[in-house]
Structures are given as C-alpha cells and as structure tokens.
Amino acid sequence: MSRVRRGRRASIALLLLCALVSMLLTACQGVRKEEEKTSIRIGISLYRGDDTFINNIRSIIEEKAKEYERESGIKVTLDIQDAKGSQNTQNNQVERFISLGCDVLCINPVDRMDTSLIIDRAMTAGVPVVFFNRQPVEEDMNRWDKLYYIGVDAKETAVLQGEMVVDLYRKEPEAVDINGDGVVSYVMLEGESSHQDSLIRTEWSVQTLKDGKVPIEKITGGIANWERSQASALMEQWLADYPDTIELVISNNDDMALGAIDALERADVMGVNVIGIDGTTPGLEALESGKLLGTVSANKELYGSAIVELAASCALQEELPSEYPLTDDTYFWTPQEILVTKIKENP
Ligand code: GAL
C-alpha cells in the first residue's frame, strides 16, 4: 500500500475519533444540563380565551401547574396567550414562545386543519407540542413523535348524551314526550362546522336516541358556533316558527343549551327539555336549578392534569407518566360522565 494512501487512512481514522469524542462530550453535557433543570417554561395558546369550556380548562391547568410545582420542586412558568380566533395570531404566539425558550408548547389550535406551520416551527426548534381540545388532522399528528393530543372521544360524548334521554324515556316516557303524541319533536344546536366534535356529536346523539327506540322527529336545527347568544337568537326564531311544537333541545355544548334556555325563558315557554355537553360552571348551575336536563362532562381535573404532566415530562425529557395511557403513543382520551337532574332515583 502506498504511503500516501496509508496517510489518508490514518487521517480519516483520526477524524472519526474526534467526531466520536465530540459526540460523547455533547451527550454528557446534555445529561448534565437535564440533571440541572429546576425550572420549565410552558407556552400555551388558546383558540379563544372567551370560550366558557376552554376557560374552565385554563383554570384547571393553572391549578395543576401549581400542584406540580409544589410536589416536584420544579418551577413551572406558564405563558398563556389568547389567539382570539386568529390562526395568524396563534402562529405568531408560537414564534414568540420558541424565541423565549419555551421547553414545550400546549396548543388549542384555532384551525385544526391548519397546524402545519406550528408543527414546522416546533420540529425545527425541537420543542414538543401537546395539542388539546381541537384535534389536528391525523396526517399532521403523524409528522413527528413529539406531538400529542389531549381531548375527549366525540362519539363517546354523543352516545352518553343520547343515553341520558333514552334512560329517562324508559323510566318516564311522559317526561320526554311532553305532549303525549307518541313522537318527541326536537331541535338541534350545532357547534362550529369545522370542529371534529360538532358533526360527530350531532350524528351520534340522534343515532343513540334511535337505537334506544325513542320515537324522535327533527323539527329544525342550526349552527350557533358554541355561542350562547347565537343559540339564543336561533331558538327565539324557532319558537316563533314552530309554536307549541318543540319538546327537546339537543345542543352540542352547554353554552348553546343555556342560550336556548334564555330564549325559552324570554318566551315564557315551560317544560321543554334541554341537554348539553361540557359540564361548564354555568352549565352545572343550570343543572342544579333544574333548567338544564343533563350534560356530559369530561373529568376536567384529569384533563388539566394530563396536559400539565405530559407537558412537564416532555420539557424535562422524562418518561411520560403512566397514569395517562396514550393511544398510539400520541392521544390521551379523557374519561367522561353523564350528569342529569330529572331522572328519579329508585323509580
Ligand atoms: C368543545 C366544547 C365546546 C367548545 C369547543 C371549543 O369540545 O364542547 O364548548 O369549548 O370545544 O373548541
């Protein structure tokens, strides 16, 4: 072998050795850095800060972060921003979180179909993302193994919502078929059309009523975008268009159910059953006072703590907490329950 070739081989070996030593040094520094981490910064962006359910979740996240801090001794800084319904604003918030050195992002996307920019930025910066409540499309979620989603299973919610009426109908048919004509006439209030929950909730609550042999008939329905005032306006119109007809209001969430109740009260109409979803604070008050027949509530304590604990372990590069089992290593589905007023105990 020529001397030149031997010399070249020796320098390649030397280069490889240097690269190996530098890799080992970087890895060791990384471990030391992780060992020293005593504080984490979480960037949170909400699709709309004035959404009642999201506000409830926000309060629980704040509470759970304090609890985590007390128990772990790790300082948690939450930077919570309101995207006010603008995807552009949310994208800028993500930029800012990353430039401020956030260790992890918790994002409630404005447009669940348009999370690719957020994911691009997070991947480039190596910052994991915990999405919640508005589920990004699967194709986006599959782009990186540091993307997570926390929410509720929409079909399960809807089936539970339908079941509460089926149960009541079996026990007291006259409490559901109020005018006793053998048909339960209902109206449907739907959330945002682009939201994964709206379509599925609408379809499966009705299907569950049919499967449970409740004789239903749809009078009309409309989109009120989760909002109390929009639902109230729709209901006011329907009460005028179909006087003495509506027996049941099925609403995709509590706020719209409360809007329907506002309209019923304004029109002085009594006895119509209204059902919602969320178990928000005002929703539970209406349940307590008997204005709302029932609601389906996610375990919000668990919802909030899953967000905080998952985010914290991502930030600390620790193993993910086993109390929150992830489907496909990505999704945490929060358990839900039915809360009702009218079903009588021991019939
Ligand atoms: C739904 C919830 C609605 C609204 C919406 C926002 O899951 O039921 O009330 O908060 O999320 O994305």
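1. In this predicted model, an oxygen atom of the ligand is 2.6 Å from an N or O atom in the side chain of Asn133. Polar side-chain atoms of Arg134 and Asn253 also lie by ligand oxygen atoms, at 2.9 Å for Arg134 and 2.8 Å for Asn253. The protein covers 99% of the 310 Å² of accessible area that the ligand has on its own (Shrake-Rupley method, 1.4 Å probe).

2. Around the ligand stand Tyr47, Asp51, Phe53, Asn133, Arg134, His195, Asp197, Arg201, Trp226, Asn253 and Asp278, where a residue counts if one of its heavy atoms lies within 4 Å. This shell divides into three nonpolar, three polar and five charged residues. Domain 1 (39–151 + 300–334) and domain 2 (155–298) each give at least three residues to the shell; the bounds come from an automatic or database domain assignment.

3. The ligand sits in the largest cavity, meaning that more than half of its atoms lie within 2 Å of the cavity's grid points. A cavity is a set of points on a 1 Å grid over the protein atoms alone where a 1.4 Å probe fits but cannot get out. About 200 Å³ of space lies in the largest cavity, the volume being the space filled by probe spheres set on the points.

4. The largest cavity has 24 lining residues, and Phe53, Asn133, Asp197, Arg201 and Asp278 lie nearest its centre. Lining residues have an atom within 4 Å of a point.

5. Residues are numbered from 1 along each chain as its sequence is written, and side-chain values use heavy atoms, leaving out hydrogens and water. Local features need pLDDT of at least 70 and side-chain atom pairs pLDDT 80 or more, while totals for chains, interfaces and linings use all residues.

How values were computed:
A polar contact is a pair of N or O atoms within 3.5 Å; within protein, one must be able to donate a hydrogen and the other to accept it, and residues adjacent in sequence count only if both atoms are side-chain atoms. On a 1 Å grid over the protein atoms alone, a cavity is a set of points where a 1.4 Å probe fits but cannot get out, and a pocket is an open set with protein on both sides within 12 Å along at least five of seven lines; lining residues have an atom within 4 Å of a point. Ala, Val, Leu, Ile, Met, Phe, Trp, Tyr, Cys and Pro count as nonpolar, Asp, Glu, Lys and Arg as charged, and the others, Gly among them, as polar.
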